[in-house]
Amino acid sequence: MRPALTTTVAREYVHRAAFSEVFLTGWNKVEKDTFTVTAQWPRSHSFYTTEHGVHDPLLLCETLRQSGLLLSHTAYEIPFGYQISWSRLQYAANAQALRAQNTPAEIELHVACTDIRYHRSLAASMTMHIEAVRDGSLLSVATIAFGLHSPRVYERLRSGRCDAALMSAEAPTPVPPVAGELTGRLRPQDVVLSPTAEDWRWQLRVDTTHPVLFDHPVDHVPGMLLLEGVRQAAHALEPSGGATIPTAMDVSFRRYVEFDEPCWIEAETESKASGGHRSVRVNALQRGSFVFTATAEMTPV
C-alpha cells in the first residue's frame, strides 16, 4: 500500500508569496460550520525562532491567521481579491505543548465558525473558535473575529489607500531600532520598536523590506507586525527579567495602522505573579486615536 502523501495548501489560500511561509497542510469539513485544519511547524524559522527549546507562540498566531484565510476561501467560497481584516484575536497557549522536539510539530486545529453575517450570498464577517492539539495534548484555545470585504467595499473603507504596491513603495524609511537585547531579538532588522525619551513608550518601526512580516506588498501595517510589537514592548519593559514568551494575548484591532504617520506603542505592567509571570497592557496610538489595544501574559521559559 502506497503511503499517503502530504503537502502544504496553495499559498494563494493563505495570502503568502513564499512557499516556505505556508504552514497549513490540509483541511476537511466535519459538519456545518465546523472544520479540522492541519498544520506543520518547522523545527526552526528565520523569524518565528525556536529559542530555549520552545516554539514561538506567534507562530501559533500566524497559523490562526492562515486558518481563517484558508477556510474563508475554501469552505465559504470567498473570492480571491477580497480583503480579510481582524477585529479581535484571543489565544491562550500551553507552554509545555510548545516544547520543540526532534521532528517538526504536527498540529491539528478544530475550528467552529459562529456569528456569521452574510451579505447576499457571501459571508461578510464571522468568528472562529479554535482548539489546537499537538500529539493528543491541548496546545491552545483561541478566537479570531474578522470581516471580509469585497474590493469595492474595501476601496471605500480605505479612502484611496488600497493600492498595496503603491502604499508599500511609498512607505517612509524605517526609523532606527532600539537595541536588540531590549526586545529579545538578535538581528536589528527583526526589531519593530524605535526609542523615545520614555522607557515605556516607543515608535513602531515598519520595514516593508522585511521578508517575513512583508512577504508581499500590503496597503497598511499587517497585524502580525502589530503582535510582534506587543511582544517586544512587553519584553522591553523588563529586559533583564529573563527569557519570557507571550503564552496569551487579547488584542482588539480598532483602525488600520498607516505607513505615513508615526504609531506610538505604550506599555505598562499590570500585574506580577510568582515565578516571573507578568501581565502587560499595550496600547498603540496613531493621529491621537487608539489603533489597537492588547494585553499579554508573559511566561518564563
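## A covered helix, a nonpolar core and a buried aspartate

Helix α1 is mostly covered, with 18 of its 18 residues buried. Keep in mind as you look around that this is a predicted model. Look at the start of α1 and you will find Asp 56, where a side-chain oxygen comes to within 2.9 Å of the backbone nitrogen of Leu 58.

Setting aside neighbours within four places in sequence, Leu 227 is in contact with Leu 58, Cys 61, Trp 86, Leu 89, Met 249, Val 251 and Phe 253. Leu 227 is listed with Ile 265 and Phe 292 as having the most contacts inside the largest nonpolar core, a set of 83 residues. Helix α5 gives this core its largest share, eight residues. In soluble globular proteins, nonpolar side chains tend to be buried together.

Now for a charged residue. Asp 207 sits in the loop between β8 (201-204) and α5 (223-237). What is the nearest side chain of opposite charge to Asp 207? That is Arg 205, 4.6 Å away; a salt bridge must be within 4 Å, so the buried Asp 207 has none. Beyond its neighbours within four places in sequence, Asp 207 is in contact with Pro 174 and Phe 214.

| Partner of Asp 207 | Relation | Distance |
|---|---|---|
| Thr 209 | polar contact between side chains | 2.6 Å |

Key:
Residues numbered from 1 in each chain as written. Predicted model: local features only at pLDDT ≥ 70, side-chain atom pairs only at ≥ 80, totals over all residues. Heavy atoms only, no water. Helix = DSSP H or I, 4+ residues; strand = E, 2+ residues; numbered from the N terminus. Buried < 20%, exposed > 50% of the residue type's maximum accessible area, 1.4 Å probe, protein only. Lys, Arg positive; Asp, Glu negative; His and termini not counted. Polar contact = N/O pair within 3.5 Å; in protein donor to acceptor, adjacent residues only side chain to side chain. Contact = heavy atoms within 4.5 Å. Core = buried A, V, L, I, M, F, W, Y, C linked by side-chain atoms within 4.5 Å.
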